[in-house]
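Welcome to a short tour! Open your viewer, get ready to select residues by number, and follow along one stop at a time.

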Amino acid sequence: MSNDEFRAALARLAAGVVLITAQEPPLDEHGRGEDVGMTATAFVSVSLDPPLVMVSLRNDSRMDDLLAEQPLWAVSVLAEGQRQIAGRFAMKGRISDRLLFEDVPYIRGDLTGAPLIGGALATLECRTEQRVPAGDHTLVIGRVLTASLPSADGEPLAYFKGRYRRLG
């Protein structure tokens, strides 16, 4: 089986789209660290008791490196009208994260300090419980510290056959 065959087969699996965010530790005691964001479709609920979720991060990505040292992070479950946000944070060779967040509405999580995207269907604040190496990715399992439904009346953004889609 080739990588292309494997990729084509799994592209037939519809997935929800989330934005994973975290804040880098500040460079000095007077500053605030830079916000970092990453679009993910490999995100699942793991356990209800305790409340655990998992995200798969490409090894040596900026988010993988950050979450190796920063245990606090957040998840925003994106709504169908947020495909531009998803695309922006999924770009390869993109501009700085500071500029990516510039015109995106968000609030800071009380426990993590990470951006929680305005208009998201749900937001979670998490603390890393375990990191599991898995091929060219790392599975990050996080304990959910807070969960809220800031915009519970929308439809989810989905990813199928390499494109963002709406349900229905």
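Is Asp60 buried or exposed? Select Asp60: its relative accessible area is 66%, so it counts as exposed (exposed means over 50% relative accessible area, buried under 20%, and partly exposed in between, with a 1.4 Å probe and protein chains only).

Before moving on, note that this is a predicted model, where local features need pLDDT of at least 70, side-chain atom pairs count only at pLDDT 80 or more, and totals for chains, interfaces and linings use all residues. Residues are numbered from 1 along each chain as its sequence is written, and side-chain values use heavy atoms, leaving out hydrogens and water.

Most residues other than glycine have a negative phi, and most peptide bonds are trans. Asp60 sits in the loop between S5 and helix H2 (62–69); helices (H or I, at least four residues) and strands (E, at least two) are DSSP runs, numbered from the N terminus.

Next, pick Lys161, in the loop between strand S11 (157–160) and strand S12 (163–166). Phi is positive here too, near 50°, and Lys161 is partly exposed at 45% relative accessibility.

Now go to Asp49 and Pro50, which are joined by a cis peptide bond with omega about 5°. Pro50 is in the loop between strand S4 (43–47) and strand S5 (52–58).

**Into the core**

Finally, select Ile20, Phe43, Val55, Met63, Trp73 and Val75, which touch the most other members of the 19-residue largest nonpolar core. Such a core is a set of buried Ala, Val, Leu, Ile, Met, Phe, Trp, Tyr and Cys residues joined through side-chain atoms within 4.5 Å.
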